Amino acid sequence: EPGQTYIYEFTARNPGSHMYHSHHDAADQVTKGMMAAFIIDPKDKSKEPAYDKEYIMVLNDTGIGLTINGKSFPYTQPLTAKLGEKLRIRYMNEGLMLHPMHLHGMYQSVFAKDGATLPAPYLADTLTVAPGERYDVIVDCTEPGLWAYHCHILTHAESAKGMFGMVTVLVIE
């Protein structure tokens, strides 16, 4: 009930990228932000790819608009890296639509889906993230510059008035 609290206790058994969210009027509550990333680190990290920095990108599209981590461009947080660094990016789609996430200039090495490590990583420059899906990727920052990073359903990222919505930038120095 409003104003009350409840403590959930459980054993986290499945390492990986997960999400939690409301299951009451979820289409309204989740798309307005009643959700979050839930990361379970493995006991043995040696089986995961090496990386220097980690970013989470929660994709959403309805209650508060077309957003990455609750913000629409130009208010989205840029991703930053030094030349040669490797970034781990965790995509989580809490929206109601598909979002093909596209990074200009570099491939994404997809190594996990829905919290489970894939048997064989693969390269993608555009990765379609369906509602409820999670993907983990590594980006090898080999090219300095400012790289557009956006949903490739173009009406989610730009209009005749310019860029908005599901757009950010990868800055490599």
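A salt bridge is a side-chain nitrogen of Lys or Arg within 4 Å of a carboxyl oxygen of Asp or Glu. A search of the whole structure finds 10 salt bridges. The model is predicted, so local features need pLDDT of at least 70 and side-chain atom pairs count only at pLDDT 80 or more, while totals for chains, interfaces and linings use all residues. Residues are numbered from 1 along each chain as its sequence is written, and side-chain values use heavy atoms, with hydrogens and water left out.

**Salt bridges**

- Side chains of opposite charge can pair when their charged atoms come close.
- A network of salt bridges links Glu48, Glu54, Arg88, Arg90 and Asp136.
- Glu54 and Arg90 form a salt bridge with an N to O distance of 2.4 Å. Because Glu54 belongs to strand E3 (residues 53–60) and Arg90 to strand E6 (residues 86–93), this pair ties together parts 36 residues apart in sequence; strands are DSSP runs (E, at least two residues) numbered from the N terminus.
- Asp136 also pairs with Arg88, with the closest N and O atoms 2.7 Å apart. Asp136 is in strand E11 (residues 134–140) and Arg88 in strand E6, so the pair ties together parts that are 48 residues apart in sequence.
- A salt bridge of 3.4 Å, N to O, joins Asp136 to Arg90.

- Glu54 is partly exposed, at 35% relative accessible area; buried means under 20%, exposed over 50% and partly exposed in between (1.4 Å probe, protein chains only).
- Arg90 is buried, at 2% relative accessibility.
- Asp136 is buried at 1%, and Arg88 is buried at 2%.

**Pockets**

- On a 1 Å grid over the protein atoms alone, a pocket is an open set of points where a 1.4 Å probe fits, with protein on both sides within 12 Å along at least five of seven lines; lining residues have an atom within 4 Å of a point.
- The largest pocket has a volume of about 240 Å³, a volume being the space filled by probe spheres set on the grid points, which are joined across faces, edges and corners.
- The lining of the largest pocket consists of Tyr8, Phe10, Tyr20, His21, Ser22, Met34, Met35 and Phe38. Strands E1 (16–21) and E2 (35–40) each supply at least two residues of this lining.
- The second largest pocket holds about 190 Å³ of space. Its lining has 14 residues, and Pro15, Pro42, Glu48, Gly115 and Thr117 lie nearest its centre.

Technical notes:
Helices (H or I, at least four residues) and strands (E, at least two) are DSSP runs, numbered from the N terminus.
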